[in-house]
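Biologist: I am new to this structure and would like to go through it with you. Could you put it on the screen?
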Amino acid sequence: MIKNRRSQVHVSETILVLFVVIVILMMGVVVYFKFSVEKNKDLAEELSEEQATIMLAKAVGLQELSCDGTGCIDTAKFLPFKRVLGEDFDMYRRIFGRKKITITEIYPVPHDSAIDVECDVIKYIQMEYPENCGKWTIYDYNPENELGAKISTIVSLYYPEFDEYRVGRLEIEHYGDIRR
Amino acid sequence: MKRAQSEVVGLLVIVVILIFMGVIYLGFANLAGNGSLSSQRAGMETENALNALVRVNLEEYDGKTVQDLVVECANRIDCDTLGYALNEVYGAILRPGTDFSFWAKMEEEEIYSVGVCSIGVVSSYVFVRDGNYYELRLRLCNE
């Protein structure tokens, strides 16, 4: 009778230990899963930032924008580039992905009336150009209207119409991950 | 009773060890940051800032470039203008809180230097004018 009771206690002890071990394992799995989901999100953001940084470095050398490989950006190429972009947007979407690329003139400091004014064909053909605007949006694709992170660098801007160099800031806004 | 107590203590020890290992793993996993990416961007910023500086036409100085002002400084004509121009351009283009150091050398002899930046990526630009070899160096640092 006593032996039988001892074995019952043993069995219930074993069951208790197993239960605790299983609970700990399940908690471990849940924590690990949550952690890896977070890590994957961080990784996606990091990859997007890395891709944007590479693009930032390569943008100055892009044939469509650069002044023939001399390390500056030719402002006269912006409008033709925007036209080409409209004609073959799919190709450029595969290259740039979900991003917004803007160039803002920062030196000489633009007049108050030109700050954040987008340059377009109308502004370009006016006598006041380039003092009448201070910003070009080269590319913009954000179909899900996401909030993005911005990275930027200084660039040398060349105005062939006046044979003059100015300074601008190339800014890339990237959205979360590297989906195209 | 004593045996059951020792089993519970053993289980507790295992649980504590598992939790300890988990915490160490999470700590190490979080250590891998993106420091290299930001240092790459800092290097790019310095290189582009110097590249833009040497080309820009300075409206306030009859459309001269910084290269022209460096040559004038080397010829003992005027070094103050170079200093004013550097402060004007970098005051406008650098992000708030970013400081700079700038050096100009002609044939390995330092002709001009300005700034107090001691830590940061250095970028250099070389040009030849009137048979003389000039080297410009820029370092950017955050306050």
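Biologist: Which residue takes a positive phi in the hairpin of strand 1 and strand 2 of chain B?
Modeller: B:Glu107 does, with a phi near 50°, and the hairpin has 2 residues between its strands. Strands here are DSSP runs of E of at least two residues, helices are runs of H or I of at least four, and both are numbered from the N terminus. Please note that this is a predicted model: local features need pLDDT of at least 70, side-chain atom pairs count only at pLDDT 80 or more, and totals for chains, interfaces and linings use all residues. Residues are numbered from 1 along each chain as its sequence is written, while chains are lettered from A and ligands numbered from 1 in the order in which they are written.

Biologist: How many bridges join strand 1 to strand 2 of chain B?
Modeller: There are 5 bridges between strand 1 and strand 2 (residues 109–114) of chain B, and the two run antiparallel. Two strands count as paired if DSSP finds at least two bridges between them. Within this pair, B:Phe102 stands opposite B:Val114.

Biologist: Now for chain A. How many helices and strands does chain A have?
Modeller: Chain A has 4 helices and 5 strands, in the sequence pattern α-β-α-α-β-α-β-β-β. Its radius of gyration, taken over C-alpha atoms, is 29 Å, well over the 16 Å from the globule rule for 180 residues, so chain A is more spread out than a compact globule. That rule is 2.2 Å times the number of residues to the power 0.38. The C-alpha trace of chain A spans about 110 × 35 × 30 Å along its principal axes.

Biologist: What is the strand order in the sheet of chain A?
Modeller: The order is 1-4-5-2-3, in an open sheet of 5 strands with mixed pairing. Strand 1 (73–74) and strand 3 (135–140) are the edge strands, each pairing on one side only. Strand 2 (residues 99–107) pairs with strand 3 of chain A in the antiparallel sense over 5 bridges, with A:Ile101 opposite A:Tyr139.

Biologist: Which strands of chain A does helix 4 of chain B touch?
Modeller: Helix 4 of chain B packs on the sheet and touches strand 2, strand 4 (149–159) and strand 5 (164–174) of chain A. Contact requires C-beta atoms, placed from the backbone, within 7 Å.

Biologist: How many residues does each chain bring to the contact?
Modeller: Chain B brings 25 residues and chain A brings 28. Helix 2 of chain B gives the most to its chain's side, with 10 residues.

Note on methods:
Two residues are in contact if their C-beta atoms, placed from the backbone, lie within 7 Å. Axes are lines fitted to C-alpha atoms, for helices over the stretch in contact, and angles run from 0 to 180 degrees between N-to-C directions.
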